[in-house]
Amino acid sequence: MNHFPEAWGRPRDDVYGAYNSTYLQTSGPKAHTTSPAVTGTSVLGVKFKGGVVLATDNLASYGSLARFTDVKRLRVFGGKAVVGFGGDVSDMQYIDRLLESIDIRENYSSHGNMLNAKNLHTYLAKVFYKRRSEFNPLWNHILVAGFDADDQPFLSSADLLGTTFSSPHLATGFGAHLAVPILRRKFPDERGIETISREEAIEALKECLKVLFYRDARSLDKYSIAVITQEGIDLREDEQIEGQSWAFAETIRGYGSQTS
Amino acid sequence: MFRNNYDNDAVTFSPQGRIFQVEYAQEAVKQGSVVVGLVNKTHSVLVGLKRNAEELSSYQKKIIEVDSHMAVAIAGLASDARVLSNFMKQQSLSSKMTYGRPIPLDRIVTQIGDRAQTNTQHYGKRPYGVGLLVAGVDAAGPHLFEFQPSGLTHEMQACAIGARSQMARTYLERNLDKFDGCSRDELVTHGLRALKETLSQDKELTMENTSVGVVGLGTNGKMEAFKLYEGQDAVPLLEALEQADSAGAGEGESMEVDS
Amino acid sequence: MTSLMGHPSGQTVGYSFSQPTAAPVKEHSFYPYTDNGGSTLGITGSDFAILAGDTRSTSGYSINSRMVPKVFKIGGDDETGKGAHILLSVVGFAADGNALKERLDAVVKMYKYQHGKSMSVTACAQRLSTILYGKRFFPYYVHVILAGLDEEGKGALYSYDPVGSYEREECRAAGAASSLIMPFLDNQVKFKNQYVPGSGEGHALQPKKAEPLPRETVEQLVRDAFTSAVERHIEVGDNLQMMIITRDGIEEIFHPLKKD
């Protein structure tokens, strides 16, 4: 046994094997983040007549561990736009600091030239694209909601590669698979956002959050929801998914202990 | 040899607290031919008198379009103005690229102001020998800014810089209260009349020597992109001025008596 | 030293496993590209050029959005693209496509600012090649087609590979369904495998000579190409965007495609 002080308190090599130090990079090129650490799951958004709703749950996972259960993933920018973050939480906090400094700079000379949600989305997409081009990505998929220069409701997405797209309803991560089909059924393209009321949009998102909580193992029943209208932003950050029914779980077959 | 000991560079104050090099640069602005700018609630107008070095040469450009929402009129060293307008073009494109919006006027004017100021505080540098009138629209509406070689910038309702510009300023001051209520075309006419005031006896405004630039908000409240009127395009504007002057000749007289 | 699980010899019984039990350290690497699907196509005539593309944006089996245009006006005054005289279509990795479009747009605008006249399509085509080749070792992952009118007023079309080799052509399909559309164009625009009836037997048979097609015919070919591609390719669909450049300016037409 090794009695030298540097080994004190360390797992014994003869029992546990030598410390696997392969993850510590000693040579080669500088490596950046190649995978996210603490992550948030889906972000959901829907446009309605006169505004946009955005929702996320309040969970930050560390792999499969539900690590932080009170993390707010909706960030307000300048009282007119909201950014919803999925993906790495530390990168979210970095972007949040970035937005803070832009907000201060933009408001420093207030001449009615505030950046709107569309400008903000363009900027953030550029930040993502620049970082991916440096092979040092910000590991996020975000939704930006608010209004464009013509005061029309605006909802658009940007991800770690700098890819952008816009649609009357959007969802990132698992939501893209589970929530978007629900939203497309509720609000088909032919309907147009003029026929969607604020209440209907909020209800739809709550329904989607519930479905996600049922099926996405990295989700939580505590969520945040932001309603952005011309009157301002109504942000609620300590909401609880209501009307859950797990009765359907009993009928599920095909995995776990019930394989038939 | 020197006028005094304190004008060898732009970084030394005179005992009276003046920086002579900057003041000389401002003299360069006064050498340039006159440009007039005026703004109301919907439009921002630039009017300039072009000069040719000799009868056979072409006329020096007075109004430079920086972007679809903004233009500058120059008085002084045209080459210095080009450096500044190139910089403004770069900044404007960069703002469109990174934020997807036209750069706010006050922002870009501050930027050129800062650039000009550094030239007055570093040894071996020379102040810009040009004054600018920056006209444009942004989210806060139409604007007019004046830029001086010292780096000083002001937002103006109306302004004239360059040779004999005092005459134009007098006209602008006397008619200031009329600008806000008048239409796009009337505002242009006011600009041209102010420019005309500065002309010496033997000169007149022609399609060759007149430049007019207009940018503003259209009837739908949307941006009306900058448009430059030169040569044939300027003829209708000059005719409108002539008509307004002949129609209002009597009025004009009585107004003079009043003041 | 043997492991308890591996070879239970009983000689030295460790507390745990002598071999590292954790899975070998995962080699994550960041891949900076994605494929956003979709297809584009361009055809020229004697006094016009058409560029078209579908408006679907995909990632994997998901549809990101049904309305992400792939054809852009280059060198226009503002967002509306008024005054533009060049068209560009981009398909492949959408973020690279956008970055490339904006770069070329800035180049064409600076050209006009500096020279006081519009950039010719020929010059723009050469410049685009240089831009693409400038990123030879980290390419823009896109297939682009450039269109406009040449000095003689004839339709001009240039197609590129991702690293800038280019060629002027009469017609070109690019993107996900290019392998479906291109043979159709070869046959219908270049009259490949079409012969003059009764002109001879075997090798003596005269090939039908290709002539520039009228605009109505070309528009119909574009619509047919896309309705057919939509049937067979899952990444193509939603809407067809067509831009037609003539000496009178640029016309933009949208046409619905199947959304399945």
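Over all chains, a search of the whole structure identifies 36 salt bridges. The model is predicted, and the legends below describe close-up views of selected pairs and of one interface.

**View 1. A salt bridge between B:Lys222 and A:Asp150.** The closest N and O atoms of B:Lys222 and A:Asp150 are 2.6 Å apart. B:Lys222 belongs to the loop between strand 9 (210-217) and strand 10 (223-230) of chain B, and A:Asp150 to the loop between strand 8 (140-147) and strand 9 (153-159) of chain A, so the pair joins two chains. B:Lys222 is partly exposed, its relative accessible area being 40%. A:Asp150 is likewise partly exposed, at 44% relative accessibility.

**View 2. A salt bridge within chain B, formed by B:Asp67 and B:Lys96.** In this pair the closest N and O atoms are 3.3 Å apart. B:Asp67 lies in strand 3 (residues 63-67) and B:Lys96 in helix 2 (residues 78-99) of chain B; the two residues are 29 residues apart, and the pair links distant parts of the chain. B:Asp67 has a relative accessible area of 9% and is buried. B:Lys96, with 18% relative accessibility, also counts as buried, because the class covers values under 20%.

**View 3. A salt bridge within chain A, formed by A:Glu200 and A:Arg191.** A distance of 3.1 Å separates the closest N and O atoms of A:Glu200 and A:Arg191. A:Glu200 is partly exposed, with a relative accessible area of 31%. For A:Arg191 the relative accessible area is 28%, and this residue too is partly exposed.

**View 4. The interface of chain C and chain A.** Contacts connect 31 residues of chain C with 28 residues of chain A. The two chains bury about 2400 Å² between them, and 58% of this area is on carbon and sulfur atoms. Six residue pairs are in polar contact across the interface. On the side of chain C that touches chain A, the elements giving two or more residues are strand 4 (62-65) and helix 1 (94-115) of chain C. Helix 1 of chain C gives the most to this side, with six residues. By class, the side comprises 17 nonpolar, eleven polar and three charged residues.

**View 5. Salt bridges involving chains C and A.** Three salt bridges are found across the interface of chain C and chain A. One salt bridge brings together the side chains of C:Glu102 and A:Lys126, at 2.7 Å from N to O. A network of salt bridges links A:Asp189, C:Arg56, C:Arg66 and C:Asp238.

Methods. Residues numbered from 1 in each chain as written. Chains lettered and ligands numbered in written order. Predicted model: local features only at pLDDT ≥ 70, side-chain atom pairs only at ≥ 80, totals over all residues. Heavy atoms only, no water. Contact = heavy atoms within 4.5 Å. Buried area = accessible area lost by both parts, 1.4 Å probe. Salt bridge = Lys/Arg side-chain N within 4 Å of Asp/Glu carboxyl O. Polar contact = N/O pair within 3.5 Å; in protein donor to acceptor, adjacent residues only side chain to side chain. Helix = DSSP H or I, 4+ residues; strand = E, 2+ residues; numbered from the N terminus. Nonpolar A, V, L, I, M, F, W, Y, C, P; charged D, E, K, R; others polar. Buried < 20%, exposed > 50% of the residue type's maximum accessible area, 1.4 Å probe, protein only.
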